[in-house]
Amino acid sequence: LNFWASWCIPCAQEAAEVEQAWQLYKDRGDVVFLGVAWSDMDTKAIAYLKKYQISFPNAPDMGTRASQAYRITGVPETYIIDRNGVMAYVKFSPFESVAEIQTALDTLLAVK
């Protein structure tokens, strides 16, 4: 669960890596990526998704209900939730590489 905003420079810096990671995992069937546009205008959020060719599902959070539920402190923030619905990993800054995302996910996927 990746919280982002179109005006967020660090979000833009990680966008390509998050999309690349999605491409690596999307056919597995056991990993879901979901983006949440935090307090962002629809037109700007849609332009951001097109610019970075984001193909995983995204949803708006104009009323900030989702971000409040997760008590986010800013964007980007990413929450990895395990197969039991337990928050297993939190990243309060942008991912620096696809390898960093893979390490976080693969560690959890190895746990059965």
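Begin at the hairpin of E4 and E5, where five residues lie between the strands and Gly 85 adopts a positive phi near 85°. The labels follow DSSP runs numbered from the N terminus, with helices being H or I of at least four residues and strands being E of at least two. This is a predicted model, in which local features need pLDDT of at least 70 and side-chain atom pairs count only at pLDDT 80 or more, while totals for chains, interfaces and linings use all residues. Residues are numbered from 1 along each chain as its sequence is written, and side-chain values use heavy atoms, with hydrogens and water left out.

Next, select strands E4 (77-81) and E5 (87-91). They run antiparallel and are joined by four bridges; two strands count as paired if DSSP finds at least two bridges between them. Ile 80 stands opposite Tyr 89 in E5. Four of the five residues of E4 are buried, so this strand is largely enclosed by the rest of the structure. Here, buried means under 20% relative accessible area, exposed over 50%, and partly exposed in between (1.4 Å probe, protein chains only).

Phe 3 has Glu 77 of E4 as its bridge partner.

Now display the whole sheet. It is open and mixed in its pairing, with five strands in the order E3-E2-E1-E4-E5. On average, neighbouring strands are turned by 20° against each other, direction ignored.

Move to E2 (residues 35-38), which pairs with E3 in the parallel sense over four bridges. The partner of Trp 38 is Asp 61 in E3. Helix H2 (residues 42-51) packs on the sheet and touches E1, E2 and E3, its direction making about 120° with that of E1. Contact means heavy atoms within 4.5 Å; axes are lines fitted to C-alpha atoms, for helices over the stretch in contact, and angles run from 0 to 180 degrees between N-to-C directions.

Finish with helix H4, selecting Val 98, Ile 101, Ala 104, Leu 105 and Leu 109, which are buried. Viewed down the axis of H4, the buried residues fall within an arc of 135°, so they line one face of the helix; the arc is that of the directions from the helix axis to the C-beta atoms. Their cover includes helix H1 (9-25), E4 and E5.
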